[in-house]
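Here is a friendly briefing to read alongside the model. Have your viewer open and follow the topics one by one.

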Amino acid sequence: MKVRLLIFVLLLTGGTLAAQQPAAVTVTRSTQIITEGNQRYYEHQVKKGETVYSICRAYGITEADLRRDNPKLDGYTLPVDMVLRILVTPSNSTPAPHAEHIVQVKETLYSIAKQYGVSVDEIVALNPESDKSLTIGRILQIPLAKKAAASATPAAGDTAHHEPAVSNGQATLQAHVIQRKETLFSLSNKYEVSIDDIKRYNPQIFGEEKGKLKVGKILYIPVSLSGLKKGDDAQSTAGRTQCDSLGQHLSSINVAILLPFNAEQQDDAEQLYRSFRFLEVYEGALLALDKLRQQGLSVRLSVLDTKSATPQALTLNPSLAKADLIIGPVYHDAFKPVADFARQRNIKIISPLAPIDSSLYGYSNVFQVPVDFDKQVQQALVHDRLDPRESNLILVSQRDEAGSTMLRNYYRRYLPQTDSAVYSNVASGVRKDSVSWGAKQHKPVVKMLSYKLGLHPSENMEVFSKILNPNLENKIVVASQDEPFVADLLTNLKTFSDRQKCRITIYGTNSWQKFENLDLTLFYELKLHIAAPYYVDYKSEVVKEFVASYREQYKTEPSQFAFQGYDIMLYFASAMYRYGKNFEGCLPYHKAALLQSNYSFAPIRPGGAYENNGVFLLRYTPWMEIVQYK
């Protein structure tokens, strides 16, 4: 405790500046165009509050493009009324559906054009400077909409056709020719990616054509975004070799940690207790730095208390401008202004404990560490290939409970697209036209059970006898996070299973692990499956080493927040050390010995922010073990 209080005292010595920063303004494109030789330029007069970044974004150009045509431009502060020249190009005058490609090591215009099935001239038309130089990490606009669907439309009965997968620098794309009767849902299940991911990578279809799938058209499927089955094929091996050949190995980096310690008001014992969770993040990060120093990386660390300064004041702190990596802030209201600041300076910024706001999805320098609930559900259900022809699928929700009903409808999107039948454990609601399990074949069906809490066991046994199949594995997805409901349901299912010798597997959520009064043996006996964003294997050597170091340094046990701080610092700082400041293209190949995380970052949208999709798929076994399954 004394060590922790001393840290708070030290935090107080790093004062912050208080100042107001002008609110962001919307940049309006100029209508004034001049011609010089064979080039046409916008003449843009700078308005108050406009920045290099905001102008570049408005015209769809890079900072390098702006500085090339305006050699007198110095720094990032623009004098009001300054006139800038901006080259008129197809990319900023007549936007068309396109994809964004991050240039990788050893790539050429020819190789990139070949990947996307377009000509070099088409790429140069959207990226005028690309014919002079091709810098690693640069974002190219690729005119996917112009790719001809050269493949002939398959005849009825032909099998689905798709081309070999290629990497666009952000995701591995699989070219797929649309077949008759194919839907977004069927393609989502086939390739194990979300519908939203398919839409993001196909603006040529879901932009102009309002999302209609036409037979013979080509879809680009981001197969690597599923995070479920990442094969180590020849292409991924080549990509790893390219990244390893970068040989950056920076000798030192600057890291800023921004957390709400509230160090100036620690006379309140309750506030002190609440602040400890953020202190534990910091403590874990410090132990990661010790590990990195042993590997040869020197880190200059700055720590800022976001409770003691406004977001605007934080951005005026000199240490923030010097940072190569920013971890935090935690809360949305503080994170957005700092992310804007970091984006203008191409500083990588990490959201450590909360999902980012949708307004940040276009920020390619932003990384979201928490795995959102959607990805957890999708991976848990889609990964296990719930096939109604091989198992009996049942989706259970709590009767008359709005939250459970919403969750049931949400889960339904990730279950196979089949017929459904609705049941209830209330006697009057039991269906009489149930499936005959004696038949060798039956029509695929997902059964929907509306379950009422606290009924007489006989009513539950009656409905279970109607919907549970003694000849197949009964896979039951429970759409509830309410502990009393889950306890009642699992207890009755276990009783029925013991009597009728039914095989049952339960699918729940990570929140179930926090239940306090439920008999945990039910999880093991009913083979609970969950997707968890965090999992600590206390038998691993790296965890044992961390726990021992933490105990010695801080005289207490590490919490999940300490593990989180260690993992974030170790992962991102080592990525920067290994691959340089523009490390994002190499993250698929970056491995670090983490404590509780399974990071797998992919862009939320092409050229946008990165989100973590990595979860642990956990299975409770009858032998009282929790194991990972692949």
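Across the whole structure, a search finds 27 aromatic pairs, where rings of Phe, Tyr and Trp (its six-membered ring) pair if their centres lie within 6.5 Å; planes under 30 degrees apart count as stacked, over 60 as edge-to-face and the rest as tilted. This is a predicted model, in which local features need pLDDT of at least 70 and side-chain atom pairs count only at pLDDT 80 or more, while totals for chains, interfaces and linings use all residues. Residues are numbered from 1 along each chain as its sequence is written, and side-chain values use heavy atoms, with hydrogens and water left out.

**Aromatic rings**

- The rings of Phe572 and Tyr599 have centres 6.5 Å apart and planes at 35 degrees, so this pair is tilted.
- Phe572 belongs to helix α21 (residues 560-579) and Tyr599 to the loop between α21 and β21 (601-603), so the pair ties together parts that are 27 residues apart in sequence. Helices (H or I, at least four residues) and strands (E, at least two) are DSSP runs, numbered from the N terminus.
- Are Phe572 and Tyr599 buried or exposed? Both are buried, where buried means under 20% relative accessible area, exposed over 50%, and partly exposed in between (1.4 Å probe, protein chains only).
- Ring pairs also build a cluster out of Phe367, Tyr571, Phe572, Phe583, Tyr599, Phe601 and Tyr610.

**Charges over rings**

- The charged end of Lys348 sits over the ring of Phe583, 5.7 Å from the ring centre. The rule asks for NZ of Lys or CZ of Arg within 6 Å of the ring centre and within 35 degrees of the ring normal.
- Arg85 places its charged end over the ring of Tyr41, 4.3 Å from the centre.

**Salt bridges**

- Side chains of opposite charge can pair when their charged atoms come close. With a salt bridge taken as a side-chain nitrogen of Lys or Arg within 4 Å of a carboxyl oxygen of Asp or Glu, the count comes to 15.
- Lys291 and Glu545 meet in one of these, at 2.7 Å from N to O. Lys291 lies in helix α11 (residues 269-294) and Glu545 in helix α20 (residues 541-554), so the pair ties together parts that are 254 residues apart in sequence. Glu545 is partly exposed, at 41% relative accessible area.
- Lys348 also forms a salt bridge, with Glu584 (3.6 Å, N to O). This pair links distant parts of the chain, with Lys348 in strand β13 (residues 348-351) and Glu584 in the loop between α21 and β21, 236 residues apart. Lys348 counts as buried at 2% relative accessibility, and Glu584 is buried at 14%.
- Lys544 and Glu541 form a salt bridge of 3.7 Å, N to O. They are 3 residues apart in helix α20, which means that about one helical turn separates them. Lys544 is partly exposed at 42% relative accessibility, whereas Glu541 is exposed at 57%.
- Salt bridges with shared partners join Asp65, Arg68 and Asp69 into one network.

- In strand β18 (residues 473-479), 7 of the 7 residues are buried, so the strand is largely enclosed by the rest of the structure.
- Both faces of β18 are covered, with Glu473, Lys475, Val477 and Ala479 buried on one side and Asn474, Ile476 and Val478 buried on the other.
- Strand β15 (residues 391-398) pairs with β18 in the parallel sense over 7 bridges, and two strands pair if DSSP finds at least two bridges between them. Leu393 has Lys475 as its bridge partner in β18.
- β18 also pairs in the parallel sense with strand β19 (residues 504-507), over 4 bridges. Here the bridge partner of Asn474 is Ile504.

**A three-stranded sheet**

- An open sheet of 3 strands runs in the order β1-β2-β3, with antiparallel pairing. β1 (33-36) and β3 (83-87) stand at the edges with a single partner strand each, so one side of each is left without a neighbour in the sheet.
- Between β1 and strand β2 (residues 39-45) there are 4 bridges, and the two run antiparallel. Ile33 stands opposite Tyr42 in β2.

**Around Ala487**

- Ala487 lies in helix α18 (residues 483-500). Leaving aside neighbours within four places in sequence, Ala487 is in contact (heavy atoms within 4.5 Å) with Leu518 and Leu522.
- Ala487 and Leu522 are 35 residues apart in sequence, and their C-alpha atoms are 8.6 Å apart in space.
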